[in-house]
Amino acid sequence: MRWNGQKVGEEDASALPGMERLEGLVRSVTTPEFAGMTFHEVAARSALNHVPGSSAMPFDWTINPYRGCSHACTYCFARGTHTYLDLDAGRDFDTQVVVKVNIAEVLERELARSSWGREHVALGTNTDPYQRAEGRYRLMPGIIDALAASGTPFSLLTKGTLLRRDLPMLQRARERVPVSIALSIALFDDDLQRSVEPGTPTAQARLDTVRAATDAGFRVTVFLMPVMPHLTDSIAALDDALRRIKAAGAVRVVYGALHLRPGVKPWFMAWLRREHPELVSSYLGLYPGASVSAPKAYRQWLGRRVRPLLRVHGLDGRDEEEPVRARPVAPGARAAAAAASVRVTGSAPQPARLF
């Protein structure tokens, strides 16, 4: 892959103003293979991110090798985090990707500390570790190796089919620590998927990845999220999705209705006005003002629709809002609960502050 003769310390004219002052910035890179995108390579100071104790997430630690995501999902809850860099939550999130090029080395040092309790670490809870850039930067093999070598259990959540590249390494890691894999597949209509998630692999490509991981011996969870009101919540659509998920070999489904966080809602609503203007009034009714979640009545209605279909297709499953575990308080209890959680739940879809 050609990277246009970029040199350390040089600024890229296509980088947004201010990015040259990004802490730890090594260089900004463009390439014809990723037309319209700029990668800002940084030297990270830390790799492990601690989840605040007030969070409901079923894990205490995360790793995010990238900030921003080429998957360009219009509904992505992580969009607002790009504003921390004085970038916008819309197109900048899709095209200005921060790459922590030294993350594996930093992680190895952090995991070697005597204070590290080998607690469960979740990947893919914010931006996708297997987005397209991973094919160039290959950060995940070093991360997987560091986690396994240190005895740290971990989980992966991704929309990226590049996961298949690392399945042999993940199999070896599983011999040393608990490892769980989850695929996020929300849209099974190809036209809708290309419109809502223009940078993602097709649903079938992701289902093929579920099958590959299943054949490699993993019990795969699929996140059927978000379910989009009036677009993917019909019985026919849900039944087709669950049928295909079961056929691919997944054993478990986590489902949930669309969330529209403050940094996401304007971007998503602009898409809705452009592509489905007939639904704008309905969505404004479901997500009025600063509302993030669909009304409780809608979420309960969705559960009544999904649960019988899960039984029909022989799938274990839960609503994203169902509690997974109480957050432990003692380090030893945290480690034990996290190890158990990774076997049962995989990773979760929505972080608090995860950088």
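The expected span of a helix is 1.5 Å times one less than its number of residues. Helices (H or I, at least four residues) and strands (E, at least two) are DSSP runs, numbered from the N terminus. The structure is a predicted model, in which local features need pLDDT of at least 70, side-chain atom pairs count only at pLDDT 80 or more, and totals for chains, interfaces and linings use all residues. Residues are numbered from 1 along each chain as its sequence is written, and side-chain values use heavy atoms, with hydrogens and water left out.

The chain contains 12 helices and 12 strands. Of its 355 residues, 58% are buried. Here buried means under 20% relative accessible area, exposed means over 50%, and partly exposed lies in between (1.4 Å probe, protein chains only). Contacts (heavy atoms within 4.5 Å) were also counted. Among those between residues at least 6 apart in sequence, 76% join residues at least 24 apart.

Helix H11 covers residues 296-312. Its 17 residues should span 24 Å at 1.5 Å a residue, and the end C-alpha atoms are 25 Å apart, which agrees. Tyr298, Leu302, Gly303, Val306, Leu309 and Leu310 are buried in H11. Seen down the axis of H11, the buried residues fall within an arc of 145°, so they line one face of the helix. The arc is that of the directions from the helix axis to the C-beta atoms. Lys296, Ala297, Arg304, Arg311 and Val312 are exposed on the other side of H11. The buried residues of H11 pack against several elements, including helix H8 (235-247), strand E11 (252-257) and strand E12 (316-319). Glycine 314 follows H11 and has a positive phi, near 65°.

Eight strands form an open sheet with mixed pairing. Their order is E3-E4-E7-E8-E9-E10-E11-E12. Two strands pair if DSSP finds at least two bridges between them. Strand E3 (48-50) and E12 are the edge strands, and each pairs on one side only. Neighbouring strands of this sheet are turned by 25° against each other on average, direction ignored. Axes are lines fitted to C-alpha atoms, for helices over the stretch in contact, and angles run from 0 to 180 degrees between N-to-C directions.

Strand E7 (residues 121-123) and strand E8 (residues 154-158) run parallel and are joined by three bridges. Valine 121 stands opposite phenylalanine 154 in E8. Helix H4 (residues 140-150) lies across strand E4 (61-63), E7 and E8, and runs at about 165° to E7. Helix H5 (residues 167-174) lies across E8 and strand E9 (179-184), at about 145° to E9.

E10 and E11 also run parallel, with five bridges between them. Phenylalanine 223 stands opposite valine 254 in E11. Six of the six residues of E11 are buried, so this strand is largely enclosed by the rest of the structure. In a regular strand the side chains alternate between the two faces of the sheet. Both faces of E11 are covered. Arg252, Val254 and Gly256 are buried on one side, and Val253, Tyr255 and Ala257 on the other.

A disulfide is a pair of cysteine sulfur atoms within 2.5 Å. By this rule the count is zero. Cysteine 73 is in no disulfide, and its nearest cysteine sulfur, that of cysteine 76, is 6.1 Å away. Cysteine 76 is likewise in no disulfide. Cysteine 73 counts as buried because its relative accessibility is 4%. Cysteine 76, at 13% relative accessibility, also counts as buried.
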